[in-house]
Amino acid sequence: MKKISKSIIISLILGILFGLILLFIKLRFQLSEEEIMRIYILLSIAVLLISVIINLSYNFFYGKKINALTPLLGEAKYDEYLEKITAIRDKVKSKHLRAIAELNRTAALTGKKEYSTAVEILKELEPRVKKMSSVEMVRRLNLCLNYFYLKDYEEAETLYKDSEALFGKYKENAFYKKNFTILDMFMDLCCYGKKEGVAERIQEARKRYPEKQLQEDFEYLEELLEEGKRNLQEDTKSDV
C-alpha cells in the first residue's frame, strides 16, 4: 500500500509541475488555447517516449548482467552465482527483472541439491511469471527437474503432461534443447519405464553438452539406471 501511495503522490506532483510549466509558457509567450494544446500533445508524446526508452535501457542493462552470470552455472560455481544473482535481485526495481533473477536463483539451488527450497520458490513464482511465455516455460522445466531429484515422479509427470504444449514451443530452441534432452530422459526412465537405449542416450548427451552442471545431471541419470538394474536383479532372485 505504501508503494502505491508513493507512486500516486509522485504522479500528482509531476502532473502539477507539468501544468505549471504549460501555464508559464502560455503567459510568457501569449499563446492561444490551440497552441497550448499542440505543445501539450507534443510534450506528452516526448515524455512517454523518454519513459519507454529509459525503461527498455534499464531492463536491457540488467538483463545483460543476469545473462553474463550464466557461465558460473555451467562451471557449477553455485555459491558465487547465488551471491551475485541475489545482489541483482535485491537491487533492481523492475518486478519483471526481480522475478527472472529469483527464477535463476533456483537453478543454483538445484545445483546445490537444495531441491525442496527450489520447489518452494518455483511454486511461489507462478503468479508473477505465468503471463511471460518463455519465463513460465523455464519455471515449469526447472520445477519438473526438481521433482525428479526429489523422486516425486507423480508430480513430475503431471506437470510435464500439463506443460507439453508450452514445452513444444521451445524444445528445438538451441539454448534450451540440452535441458529438454535431460528432462525427456528423466521422463522415459522414471515415469515410462523405458530403460532400453537410455545409457547410450546419456553417453551421447555427455559428449554433446560438456558443461559441468549438466554432467552432474548425467551422473544422476546413470545412478538411477544402475539402481533400476539392481532392483530388477533383486526381484528376479526373489522370484526364483
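Q: Which residues of helix α8 are buried?
A: In this predicted model, the buried residues of α8 (residues 153-162) are Ala-156, Leu-159 and Tyr-160. Buried means under 20% relative accessible area, exposed over 50%, partly exposed in between (1.4 Å probe, protein chains only). Helices are DSSP runs (H or I, at least four residues), numbered from the N terminus.

Q: Why do they line one face of the helix?
A: Seen down the axis of α8, the buried residues fall within an arc of 100 degrees, so they line one face. The arc is taken from the directions from the helix axis to the C-beta atoms.

Q: Which exposed residues sit on the face turned away?
A: Glu-154, Thr-158 and Asp-162.

Q: And what covers the buried residues of α8?
A: The cover includes α7 (133-149), α9 (164-168) and α10 (177-191). Contact here means heavy atoms within 4.5 Å.

Q: At what angle do α7 and α10 pack?
A: About 40 degrees, with their axes 11 Å apart. Axes are lines fitted to C-alpha atoms, for helices over the stretch in contact, and angles run from 0 to 180 degrees between N-to-C directions. That makes α7 oblique to α10. Under 35 degrees counts as roughly parallel, over 145 as roughly antiparallel, 65 to 115 as roughly perpendicular, and the rest as oblique.

Q: Which residues make that contact?
A: Among them are Met-137, Leu-141 and Phe-148 of α7, and Phe-180, Leu-183 and Cys-190 of α10.

Q: Is Arg-139 buried or exposed?
A: Arg-139, in helix α7, counts as buried at 3% relative accessibility. Leaving aside neighbours within four places in sequence, its contacts include Leu-103, Lys-123 and Glu-126.

Q: Last one. How do α2 and α4 pack?
A: Helix α2 (residues 33-68) and helix α4 (residues 78-91) pack at about 165 degrees, with axes 10 Å apart. They are therefore roughly antiparallel. Their contact includes Tyr-58 and Tyr-62 of α2 and Ile-85 and Ile-88 of α4.

Note on methods. Residues are numbered from 1 along each chain as its sequence is written. This is a predicted model: local features need pLDDT of at least 70, side-chain atom pairs count only at pLDDT 80 or more; totals for chains, interfaces and linings use all residues. Side-chain values use heavy atoms; hydrogens and water are left out. Helices (H or I, at least four residues) and strands (E, at least two) are DSSP runs, numbered from the N terminus.
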